[in-house]
Amino acid sequence: MWKSSNSFYSKLLPAFIICAVVLILFFIGGWFLSGFGFITMIGLFFSFEAIKTELGFESGFSTQLCDGSEKSSCSQIINSEKGKIAGFKLSDLSIFLFGTQLLSLLVLNQDHLNNYYFLIGVSLLACIPFTLYSVYFQMKVEKKWCPICLSIIGVIYAQLIYLMFNMTVILSKVNIDFTTISLLAAAAFVFAGTYFFAKNALIGVGSRNGKYLGLII
């Protein structure tokens with residue numbers, strides 16, 4: 001299991017990226033959008049930690065989070081074949097969910113934001129059965145907890161609760177159109193293609209060089 005360095009750069013980079021994205025989203029859609037984007041970035045952060053754990057690349061953060069108890073093991077849960085959902089690991093599904101959300105936010109304008117919130121809300125509701133299965137799998141099947149997985153699940157519910165605070169406005173202004181659906185579908189396609197290409201490339205590099213150091217944030 002490879003461990004990343006605790007360099008000043010590796011600690012500051014995620015915070016810098018989150019702040020930059022939140023600032024961009026504020027200028028696109030104000031405080032509510034930037035707040036939702038912030039939660040999304042937190043979800044992406046935990047998803048990247050899950051991917052690094054899957055690839056055998058531990059960061060100092062994931063080590064402290066996952067190895068603090070005998071009842072927790074992120075790698076055991078994330079790498080379990082029995083824990084796959086529709087043939088995919090939770091790490092893949094979560095990074096696809098949050099990555100598509102973020103990419104969509106960056107390409108939509110204010111005219112489509114309420115449609116975006118509504119569709120994302122529907123997709124988050126659809127995630128609830130999978131989150132419940134993940135908790136059941138950890139508790140009853142593997143009998144180990146994955147703090148990273150639980151954090152990802154927590155972010156999904158945090159997004160739902162956040163949207164509920166503005167649901168009256170969202171429902172009053174929602175008007176699903178072809179443009180919003182097309183942009184979301186395009187964002188999902190582009191992100192999925194880029195992600196799986198990058199992941200396969202990392203696996204190839206890792207198998208040749210024996211490490212992933214520096215290739216994943």
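Analyst: Happy to! Searching the whole structure turns up 3 salt bridges, where the term means a side-chain nitrogen of Lys or Arg within 4 Å of a carboxyl oxygen of Asp or Glu. Bear in mind that the model is predicted, so local features need pLDDT of at least 70 and side-chain atom pairs count only at pLDDT 80 or more, while totals for chains, interfaces and linings use all residues. Residues are numbered from 1 along each chain as its sequence is written, and side-chain values use heavy atoms, with hydrogens and water left out.

Glu49 pairs with Lys52, with 3.1 Å between their closest N and O atoms. Both residues sit in helix α1, 3 residues apart, or about one turn of the helix. Helices here are DSSP runs of H or I with at least four residues, strands are runs of E with at least two, and both are numbered from the N terminus. Glu49 counts as buried because its relative accessibility is 3%, and Lys52 is buried as well, at 5%. For these classes, buried means under 20% relative accessible area, exposed means over 50%, and partly exposed lies in between (1.4 Å probe, protein chains only).

The next pair reaches out of that helix. Glu54 and Lys89 form a salt bridge through their side chains, at 3.7 Å from N to O. Glu54 belongs to helix α1, whereas Lys89 is in the loop between α3 (74-78) and α4 (90-107), so this pair ties together parts that are 35 residues apart in sequence. Both partners are buried.

In the remaining pair, Lys82 bridges to Glu142, and their closest N and O atoms are 4.0 Å apart. Lys82 is in the loop between α3 and α4 and Glu142 is in helix α5 (residues 113-142), so parts 60 residues apart in sequence are tied together.

Now for the surroundings. The loop that holds Lys89 runs between α3 and α4, and Ser104 lies in helix α4. Ser104 is buried, as its relative accessible area is 1%. Its side chain comes to 2.7 Å from the backbone oxygen of Thr100. Leaving aside residues up to four places away in sequence, Ser104 touches Tyr116, Leu184 and Ala187, a contact being heavy atoms within 4.5 Å.

Helix α1 (residues 8-54) also carries Ile24, which counts as partly exposed because its relative accessibility is 44%. Together with Leu106 and Val107, Ile24 makes a nonpolar surface patch of about 240 Å². Patch members have over 30% relative accessible area and no salt bridge; like charges are joined within 9 Å, and nonpolar side chains (Val, Leu, Ile, Met, Phe, Trp, Tyr) within 5 Å.

Finally, the whole chain. It contains 8 helices and 2 strands, in the order β-α-β-α-α-α-α-α-α-α from the N terminus. Of its 217 residues, 43% are buried. Among contacts with a separation of 6 or more, 80% join residues 24 or more positions apart. The chain exposes about 11500 Å², with carbon and sulfur atoms supplying 70% of that area; accessible areas come from the Shrake-Rupley method with a 1.4 Å probe, and for residues only the protein chains shown count as cover.

Terms used
A polar contact is a pair of N or O atoms within 3.5 Å; within protein, one must be able to donate a hydrogen and the other to accept it, and residues adjacent in sequence count only if both atoms are side-chain atoms.
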